[in-house]
Amino acid sequence: MKSILGGSAGNLVEWFDWYVYSAFGLYFAPVFFPKGDPTAQLLNTAAVFAVGFVMRPIGAWIMGIYADRHGRKAGLTLSVTLMCAGAFLIAVCPGYETIGWGAPALLVLARLMQGLSVGGEYGASAVYLSEMAGKSRRGFFSSFQYVTLIAGQLLALGTLLLLQGVLSEAELEVWGWRIPFAIGGLLAIVVFRIRRGLAETQSFENSRDKPKSSGWLLFREHPREAATVLLLTAGGTLAFYAYTTYMQKFLVNTSGFSRETATGIMTAALALYALLQPAAGALSDRIGRKPLMIGFGIAGLIATVPLFTALETVRSPLAAWALVMTALVIVSGYTSINAVVKAELFPAHVRALGVALPYALANTIFGGTAEYVALWLKGEGAERAFYWYVAGMIGVSLIVYWRMKDTAKHSRIMED
């Protein structure tokens, strides 16, 4: 239990740092980009957010191999170190009025470092949590990866609410937005020390005499499993980023809520969403992983367009919360168990890389571009095309869920 909680705490800080960028984007976009149309500034900020995802496959490749060869603990420690450096760089970076285009260049550099970190974090964390849990509780314990991921996002939004309450709009836009990045850097230092004391998994110890992990080994010996991870991730990760990261901006730009109200709606929704993850993970230990994923696929395919369409005209914060919550309940069928499903597909000596790299590729293509695509389509007057895009990709993943074996019954994690 100590190892599970220790790994989860590090994941929380990783994702707090990652989501602070999105949560505070409404405030720091004018600092890094020339003054102009607010949507154009948000579009530039979203583009930098997407650039961070470009590094995620590289981070997944490098640190996935590192975690397979040197241990899950080593991979987790390295990833939080990079995240710490990126957070501090954003916290102290001068604005556009001070150093011109050097400001967005440094912002991109920081996001590249954080993208490298998160790319390696996902695989090492997913594998660590799955391997440390016993067979009968693997779904439950691995669900804490998204509990902490959501908690990181929730903590970022909570920090935003707190600062909105104690600082003026002008103070937030000038310097207040730097505070959460500094907090994230300091928390990462604490987590570095925690991760140095984590126990290594038995699965890794048992794989020391196996062939060394590499990209060539992964795609030569496990091409079907790698393709499965990529395709099952595509719809799930796009839905997750559409319903969470982009949703706050959607509630402001399209629904017409104030920034403070939109933050409150998302904070309340994400708090309940986090609590759903262990319940859904535990359910998968009883009935299998496949029913939950198929449930997400069917419901997401049918409900995504109606939910976004209804949110266009909603005026009540409570009604908006209910609609957002419905979407998050649906996507829980993916988020609660996707980590363990991927880990159960691969043998231990290539597991971290097998989980991380195909996931990162799908996450970069579909998750990292979600905000940019949505904002671009809105700018082109075709906002509803984004709703159909999300629904369509969920449909593609549904085909994979339907055809794949239930990993709870066919797991390649051999240790009990």
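So, the lining of the largest pocket: by class, we have six nonpolar, three polar and seven charged residues. Keep in mind that this is a predicted model. The pocket itself has a volume of about 440 Å³. There are 16 lining residues, and the ones closest to the centre are Arg224, Thr228, Leu345, Met404 and Lys405.

Which elements give two or more residues to that lining? Those are α13, covering 223–243, and α21, covering 384–403. Out of the elements, α13 gives the most, with five residues.

Okay, on to the aromatics. The structure holds 17 aromatic pairs, and I'll show you a couple. Take Tyr122 and Tyr359: they're stacked, with 3.6 Å centre to centre and 10° between the planes. What I like here is that this pair links distant parts of the chain. Tyr122 is in helix α6, residues 102–132, while Tyr359 is in helix α19, residues 351–367, and the two are 237 residues apart. Tyr122 is buried, and Tyr359 is too.

Now for another geometry. Phe240 and Tyr241 pair edge-to-face, at 5.4 Å centre to centre with 85° between the planes. Are these two buried or exposed? Phe240 has 1% relative accessibility, so it counts as buried. Tyr241 comes in at 2%, so Tyr241 counts as buried as well; the cut-off for that label is under 20%.

There's also a cluster to look at. Tyr243, Tyr246, Phe250, Phe308, Phe386, Tyr387 and Tyr389 form one aromatic cluster. If you've got the model open, colour those rings and have a look.

Next, charges over rings. Where does Arg111 sit? Arg111 lies over the face of Tyr21, 4.2 Å from the ring centre. And there's Arg259, whose charged end sits over the ring of Tyr27, at 4.6 Å from the centre of that ring.

Last stop is Gln248, in helix α14, which runs over residues 245–253. Why do we call Gln248 buried? Because its relative accessibility is 5%, and buried means under 20%. What is Gln248 in contact with, once we leave aside its neighbours within four places in sequence? The list is Ala23, Leu157, Leu160, Ala262, Thr263 and Met266.

To wrap up, we've been through a pocket of about 440 Å³, a stacked pair made by Tyr122 and Tyr359, and a buried glutamine, Gln248. That's me done, thanks.

Note on methods. Residues numbered from 1 in each chain as written. Predicted model: local features only at pLDDT ≥ 70, side-chain atom pairs only at ≥ 80, totals over all residues. Heavy atoms only, no water. Helix = DSSP H or I, 4+ residues; strand = E, 2+ residues; numbered from the N terminus. Buried < 20%, exposed > 50% of the residue type's maximum accessible area, 1.4 Å probe, protein only. Contact = heavy atoms within 4.5 Å. Phe/Tyr/Trp six-rings, centres within 6.5 Å; stacked < 30°, edge-to-face > 60°. Lys NZ or Arg CZ within 6 Å of the ring centre and 35° of its normal. 1 Å grid on protein atoms, 1.4 Å probe; cavity = no way out; pocket = protein on both sides within 12 Å on 5 of 7 lines; lining within 4 Å. Points joined across faces, edges and corners; volume = space filled by probe spheres on them. Nonpolar A, V, L, I, M, F, W, Y, C, P; charged D, E, K, R; others polar.
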